[in-house]
Amino acid sequence: MLEPGSVVPVRLLTPVTPVTPTESIGDGAAVPVPDPERLVHLQFRRFAGCPVCHLHLRSVVRRHAEIEAAGIREIVLFHSSAEELRPHTADFPFAVIADPGQRLYREFGVESSPRSLLDPRAWGPVVWAIARSAVEVARGRERLPAPRQPGGRLGLPADLLIGPDGRVLAAKYGEHVYDQWSVDELLRLAAAARNSVGARRAPA
């Protein structure tokens, strides 16, 4: 697991579908991590069509303009193939990255565990997510996940906030399937990170 102060090596990640023009990186272009101009919110989710993941990510979609205005680039990883992800994430206004071999999950210390679903704190969100997903599938707005998931169904979420210099400013490794930063928490962490950087740069 990475902790605040850890340094993330520079890399380019290719989204499964072109991101919106507001991201200003061009169709199919790779996204940089770290981003030299913005904070990066790196989210590790589970598999394509995961109801719990989509329950959370819809809140990110709704407030994406606020997130961008705060100088944050959203990048979301799934341990599914690009082919599986595209039908589930085509309308997401941020970069979605396929990591079916879970290489980045291992590098960043993101784990799988039965407690992802067995923790009682997860049960309410799981029931609500499945009910919501069933309605959206019935309306033709979403698709069911593939019955077989090579990467498993027990993944735990993780959130990292990474500065332009590659340093991890904040990190959260979830204890159950719905244990992640809310949008409000993300915005507070980003504001605190900027205030801290500003204080260090201020003249004595």
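Which residues in α1 are buried? In α1, the buried ones are Pro51, Val52, Cys53, His54, Leu55, His56, Leu57, Arg58, Ser59 and Val60. Buried here means under 20% relative accessible area, with exposed over 50% and partly exposed in between (1.4 Å probe, protein chains only).

## Ground rules and confidence

This is a predicted model, where local features need pLDDT of at least 70 and side-chain atom pairs count only at pLDDT 80 or more, while totals for chains, interfaces and linings use all residues. Residues are numbered from 1 along each chain as its sequence is written, and side-chain values use heavy atoms, with hydrogens and water left out.

pLDDT is the predictor's confidence in each residue, from 0 to 100. The chain averages 88, and 91% of the residues score at least 70. Where pLDDT is low, the predicted coordinates should not be read in detail.

Helices (H or I, at least four residues) and strands (E, at least two) are DSSP runs, numbered from the N terminus. Five strands make an open sheet in the order β5-β4-β3-β6-β7, with mixed pairing. β5 (95–98) and β7 (168–173) stand at the edges with a single partner strand each, so one side of each has no neighbour in the sheet. From one strand to the next, the twist averages 15°. Two strands count as paired if DSSP finds at least two bridges between them.

Now for the individual pairs. β3 and β4 run parallel and are joined by six bridges; phenylalanine 44 has leucine 77 in β4 as its bridge partner. β4 and β5 are also parallel, with four bridges, and isoleucine 75 sits opposite alanine 95 in β5. β6 and β7 run antiparallel, joined by five bridges, and here aspartate 159 faces lysine 172 in β7.

## Helices on the sheet

α1 packs on the sheet, touching β3 (39–44) and β4 (72–78), and its direction makes about 165° with that of β4. Helix α3 (residues 82–89) lies across β4 and β5, at about 155° to β5. For these angles, axes are lines fitted to C-alpha atoms (for helices, over the stretch in contact), and angles run from 0 to 180 degrees between N-to-C directions.

What about β4 itself: seven of its seven residues are buried. Ile72, Glu74, Val76 and Phe78 are on one side, and Arg73, Ile75 and Leu77 on the other.

## α1 and its cysteine

α1 (residues 51–62) has twelve residues and reaches 17 Å from its first C-alpha to its last, close to the 16 Å expected; that expected span is 1.5 Å times one less than the number of residues. Ten of the twelve residues are buried, so α1 is largely enclosed by the rest of the structure.

Cysteine 53 is buried, with a relative accessible area of 1%, and cysteine 50 counts as buried too, at 0%. With a disulfide taken as a pair of cysteine sulfur atoms within 2.5 Å, the count comes to zero.

Most residues other than glycine have a negative phi, and most peptide bonds are trans. Valine 33 and proline 34 are joined by a cis peptide bond, with omega about -5°; proline 34 is in the loop between β2 (31–33) and β3. Glutamine 102, not a glycine, has a positive phi of about 60°, and is found in the loop between β5 and α4 (103–107).

Key: Contact means heavy atoms within 4.5 Å.
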